Structures are given as structure tokens and as C-alpha cells.
Amino acid sequence: MRHTLPLAPQFYVTAPQECPYLNGRMERKLFTALQGEHASTLNDTLSKQGFRRSQNVLYRPSCAECSACLSARIRVADFVPTKGQRRTMKRNDDLERRARAPWASEDQYELFRRYLDTRHADGGMADMDVFEFAAMIEETPIKSRVIEYSERGKGQEPGDEPTGPLRAVCLTDVLDDGLSMVYSFYDPARTKTSLGTHMILDHIQIAREAGLPYVYLGYWVPGSPKMDYKAKFSALEIYRQGEWTSLKGDEDYASELHPLSTDPIAEQVASITLPDTVRSRGG
């Protein structure tokens, strides 16, 4: 006999810690395990509700003081690059993209260390060793890819396996409605070519080629200079008050910074939509 059972993961909340985006504030996260045969379904469903993946965990900011972290995604069909973004693509036309299985390499880790030491020496990942890096890349229960960008060697043509140095890497999840850029890093010495922007632009192209409607960028945080770059992409949507809406440059998002802007944890969990059912065999 077949029974229809609800998929009901357990949700937990982290202890408060210093917010990496807004000075003087504390953050906490609502999270659940991502495992088992229905991991992809759960990841697809919760990603549409502002959750992000880190290894085998799905999380969403659930701070007591504000709700400033707003999940952001780009509508691929409506995206139009600016003149500056077109120049970025041209400046990086010496790079060759390769999508690989989620397997860590020495070249990736060496680039990752140089990126952290130059750009985020005081960040939460600054002490990550090679084993932790490998876990970040390889411990994925869903369909993930490592997108590498390497320089072509002398005399190489577009499409050739690149023999030049690795310049940028993005760990990318393939969702049922888009690509999720889980974590990216790049050569800090190549500052004039805007590699971070280039990777986003290239992911938009990958999603367009695959017929996927969205590219998920993580969180946009009003008032955080670290996140300003995301607002420079057209057709950007944010997940706000339970729905996706277009980011409007002339709208005041200060209400998300108010200490009364966040709902109690129980209400947040109750409002999460879970995958309808899973099939199970019974006696």
C-alpha cells in the first residue's frame, strides 16, 4: 500500500553572533538539515523562500533586531547589462569557463587562500584549512557544479581546454528554477577586470542557455556597502515579507532595520511552505 506523508524537517536557531554586514548588530539564523532522498526537493522549495545552502544545511537570517538581509535573484529573461557590465565581459574575454563536478583541487584552495588573505583576512572563513575547504566544495547532497574560469594559454582559441592560470571559481547549485551562486572567489591581483561581476554575468548566460529563469545571488542588505554591487544588476528581485518583488531604487527599505520588523521564530517557521508530499511504501 502506498501512503502519502508530509515532508517535515526540523528547524533550529543559532545563538546570536556579531553581524558581518551591519556594525553594532547581532545575527542569528534559522536552519534545517539538508539530507536524504528528498534533499533536492527541499532545497528547491526553500530557496524560493529566501533560504541558502551551506554544505548540508539550509539557512535563512532570523535576527531579533532587524530583517535587513533580503534574498536576491535576477530574472534572466528581463536582464539587460549596463555599458559598464558589457565592458566587464569584454575585459574578461581571455577567460575560459569550465563546469566541473564538486571536487576540490589544490589550485582552487591556493586561489581561495589568496582571495581570503587579501579581501577577507578578518572574516569568519579566514582560518579555513584545506580540509574545511574541501568539505565546503564536496559536501553537497544536491546537484552542484564548480564553475572555473581560467586564462587561455598562448595560441589557444575559445573552447580549448585552458592551460593558463585559474582566476576565478564559483560553487553553484542547480535548482529547478535557476542557478544559485553558493560561494565565489577570485584572483585579488586581477582587480581591474571585475571578476566578481563577470561571474554573475556569466551565470546569467549559463542560466539563459539552460532555460532557467533565475540566478540567485544570496542576500542584499540595505545599508551595507559590501552588498551594494548586487543592486547594480537590472531585473533584480528581493524576497520581502513572504514574496518576491522587484528591487526599486527609489524605495525606502529602512523599515527592515527596525527592531520590530521581524516576526517571532514560531511564526516564521509556521509560514514556511514545505514540499507537499513524498511517497513511501507501507505494509
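1. Two rings of Phe, Tyr or Trp (for Trp, its six-membered ring) pair if their centres lie within 6.5 Å; planes under 30 degrees apart count as stacked, over 60 as edge-to-face, and the rest as tilted. The structure holds 15 aromatic pairs.

2. The model is predicted: local features need pLDDT of at least 70, side-chain atom pairs count only at pLDDT 80 or more, and totals for chains, interfaces and linings use all residues. Residues are numbered from 1 along each chain as its sequence is written, and side-chain values use heavy atoms, with hydrogens and water left out.

3. One of the pairs joins Y59 and Y219; this pair is tilted, with 6.4 Å centre to centre and 50° between the planes. Y59 belongs to strand β7 (residues 57–61) and Y219 to strand β13 (residues 214–220), so the pair ties together parts 160 residues apart in sequence. Strands here are DSSP runs (E, at least two residues), numbered from the N terminus. Y219 is buried, at 6% relative accessibility; buried means under 20% relative accessible area (1.4 Å probe, protein chains only).

4. Y183 and F185 also form a tilted pair, 6.1 Å centre to centre and 35° between the planes. Y183 is buried at 18% relative accessible area, and F185 is buried at 1%. Ring pairs link Y183 and F185 with Y109, F112 and F133 into a cluster.

5. The charged end of R73 sits over the ring of Y214, 3.6 Å from its centre, and over the ring of W244, 4.0 Å from its centre. A charge sits over a ring if NZ of Lys or CZ of Arg is within 6 Å of the ring centre and within 35 degrees of the ring normal.

Definitions and conventions
Helices (H or I, at least four residues) and strands (E, at least two) are DSSP runs, numbered from the N terminus. Buried means under 20% relative accessible area, exposed over 50%, partly exposed in between (1.4 Å probe, protein chains only).
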